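The sequence and the structure are shown first, and the description follows.

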Amino acid sequence: MPKPPIIELRNISYAYPHNSMPILQNLNFSVSDKHVGVIGSNGCGKTTFFQIIVGLLTPDTGQLLFHGENVANKKQLRELRKEVGFLFQSADDQLFSPTVIEDVAFGPLNLGYSSAAAEKIALETLMDLGLSGFEERITHKLSGGEKKLVALATILAMKPKMLLLDEPTNNLDPRTRKRLIDILQGLDLYQIIISHDWDFLDQTSSILYQVEHGHIHKCEEDHIHVHRHIHKAGDHPHRHIH
Amino acid sequence: MMDERFAQGNSLLHTRDPKAKIIAATAFVTASAITNSFTVAAVSFALSIVLFFLTKLPVQLVLKRLLAVNSFTFFLWLTLPLTYGGSEFTAVGPLSLSMEGIRLAALITLKTNAIVISIIALLGTSRIANIGHALESLHLPQNLCFILLFSYRYVFVIYQEYRRLVRAAQLRCFVPATSIHTYRTFGYLFGMTLVKSWNRATRVHQAMVLRGFDGHLIPLSQDRYTSDDTIFLSVMLSLTLLLILLNFL
């Protein structure tokens, strides 16, 4: 029997309170590929989709399965959250400790590691991301790009098996963006990435899903069409993925 | 605000276990607060200064705080000598200043400063997370510790949101004046600050829950109660006892 997927959503429907139209309707999804990209217009329910996966929102109907098992109680939810890390759209919402080291060690401490062990994990994680020397920096004084990478460190310190990234390249400069791409390509984890940044998705995901009308579906791989465009490096050979 | 400037240091008081400091501070502050005796207030003020010098913190920092506190006692000096009654100390024109009023204002000023300085020296020298953790291990109700930690955390968030909105208003040339437009704008600013802070706080809380937070904040630097802490606590409690006994002399 094949191993069940790490995460599966079955017939999920969800409507926000005071809103008669459900934002997700009979949504089915299971993680098969390691690097999944998710696209969709603003307000179509992409973030809601992530919040359902990590149990921040409870669906009105449908099931959330973790390693093939229905997530029914707090203990299972805790296990799930240990393995599935969620990088928020805004890093400011994710960093709350005064110093970087305290913020990165927060997760490991909650998982029951001793202070010494948590500190060691935090330092290693920072080193892996090329953030050595950031330990004592004050989180709210970091630059936008640094905050994003530290927020990623806080999640990786929990040693997850899967990452959910919500529009990770928003407001990143080209250098930090490239750094993020290199980091994500180097991680052997399941990754689901919500983004409007096509080039970023092209480099980080192998399959593309679209959220639309409350459902999620695979995008056709080659959808050939003609269009006009203009760019500075137009005379150099380049790839086009839309 | 989040820098916890007073908590940075390596002095004798910084390295004490927050549990010992909390007990010492509670006893000392209570003894200083309830006294009616000038001698006791003066001694506790002197002790608080000694405690402060043990922290090796820069004096300017604490002077700034004291300025804020004494802006309140300043109003007592304005009102108490005029309104308290009792025997006349001196008369300034038609106004008579009462001896008891001046005495009371002085006593309150002395006590207030002693309490603020000793709290900075004793509690300010630990990080809030460590204080919260210590309160929990002293068996204070968990919800109270939680409220303490999060009030501290979110006061900052609310302030930031407010600053952001005020800046946005200023950039569109908003200048406060005595007008309905100004009142309405401030109404909107306060209302919006609450809504935005609430949303932001919800997201921060979600981020914490996702990283395994279950109501206990575990500080990275764990404190260990040592024999030095017992000595410190005994000294502090003996001094407090002396303060109390001084009342009956």
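## Domains of chain B

In this predicted model, the centres of domain 1 and domain 2 of chain B, taken over C-alpha atoms, are separated by 32 Å. The domain assignment places residues 5-127 together with 222-246 in domain 1 of chain B, and residues 141-210 in domain 2.

## Overall form of chain B

Chain B contains eight helices and two strands. Their order along the sequence is α-α-α-β-β-α-α-α-α-α.

The C-alpha trace of chain B extends over about 60 × 60 × 30 Å along its principal axes. Its radius of gyration is 23 Å, whereas a compact globule of 249 residues would have a value near 18 Å. Of the 249 residues in chain B, 26% count as buried. Among the contacts in chain B with a separation of 6 or more, 78% are between residues 24 or more positions apart.

## The contact between the chains

Chain A supplies 26 residues to the contact, and chain B supplies 18 residues. On the side of chain B that touches chain A, helix α7 (residues 180-210) gives the most, with seven residues. Sorted by class, that side of chain B comprises eight nonpolar, six charged and four polar residues.

## Nonpolar cores

The largest nonpolar core has 65 residues, and A:V54, A:L87 and A:L164 have the most contacts inside it. Helix α5 (residues 144-156) of chain A provides the largest share of this core, seven residues. A second, separate core holds 30 residues, including B:A31, B:I115, B:A134 and B:L149.

The surroundings of A:V54 involve both chains: leaving aside residues up to four places away in sequence, A:V54 touches A:L80, A:R81, A:V84, A:F86 and A:L164, and also B:L210.

## An enclosed helix in chain B

Helix α5 (residues 128-137) of chain B is largely enclosed by the rest of the structure, because seven of its ten residues are buried. The buried residues of this helix are B:I128, B:A129, B:N130, B:I131, B:G132, B:H133 and B:A134. One of them, B:A134, also belongs to the second core.

The cover over these buried residues includes α1 (18-34) and α6 (142-171) of chain B. Just after α5 of chain B, B:H139 takes a positive phi of about 70°.

## Strands of chain A

In chain A, four strands form an open sheet in the order β2-β1-β4-β5, with antiparallel pairing. Strands β2 (24-30) and β5 (69-70) are the edge strands, each pairing on one side only. Within the sheet, strand β1 (residues 7-14) and strand β4 (residues 61-66) of chain A run antiparallel and are joined by five bridges. In this pairing, A:F66 in β4 of chain A is the bridge partner of A:I7. Strands of a sheet pair through backbone hydrogen bonds, which may follow a parallel or an antiparallel arrangement.

Another antiparallel pair in chain A consists of strand β9 (residues 207-212) and strand β10 (residues 215-218), joined by four bridges. In this pair, A:Q210 stands opposite A:H217 of β10. The hairpin of β9 and β10 in chain A has two residues between the strands, and A:H213 takes a positive phi near 50° there.

Is B:K21 buried or exposed? B:K21 has 27 other C-beta atoms within 10 Å, so this residue is buried; the cut-off for that class is 20 or more. B:K21 lies in helix α1 of chain B, and this helix is part of the cover over α5 of chain B. Apart from residues up to four places away in sequence, B:K21 touches B:R16, B:L122, B:L123 and B:S126. The C-alpha atoms of B:K21 and B:L233 are separated by 7.4 Å, although the two residues are 212 residues apart along the chain.

A:H18 has its place in the loop between β1 and β2 of chain A. This residue is exposed, because A:H18 has 5 other C-beta atoms within 10 Å, and a residue with 12 or fewer falls in that class. From A:H18 to A:H67 the distance in space is 33 Å, C-alpha to C-alpha, and the two are 49 residues apart in sequence.

Note on methods: Residues are numbered from 1 along each chain as its sequence is written. Chains are lettered from A and ligands numbered from 1 in the order in which they are written. This is a predicted model: local features need pLDDT of at least 70, side-chain atom pairs count only at pLDDT 80 or more; totals for chains, interfaces and linings use all residues. The radius of gyration is taken over C-alpha atoms; the globule rule is 2.2 Å times the number of residues to the power 0.38. Two residues are in contact if their C-beta atoms, placed from the backbone, lie within 7 Å. Ala, Val, Leu, Ile, Met, Phe, Trp, Tyr, Cys and Pro count as nonpolar, Asp, Glu, Lys and Arg as charged, and the others, Gly among them, as polar. Domain bounds come from an automatic or database domain assignment. A nonpolar core is a set of buried Ala, Val, Leu, Ile, Met, Phe, Trp, Tyr and Cys residues joined through C-beta atoms within 7 Å. Two strands pair if DSSP finds at least two bridges between them.
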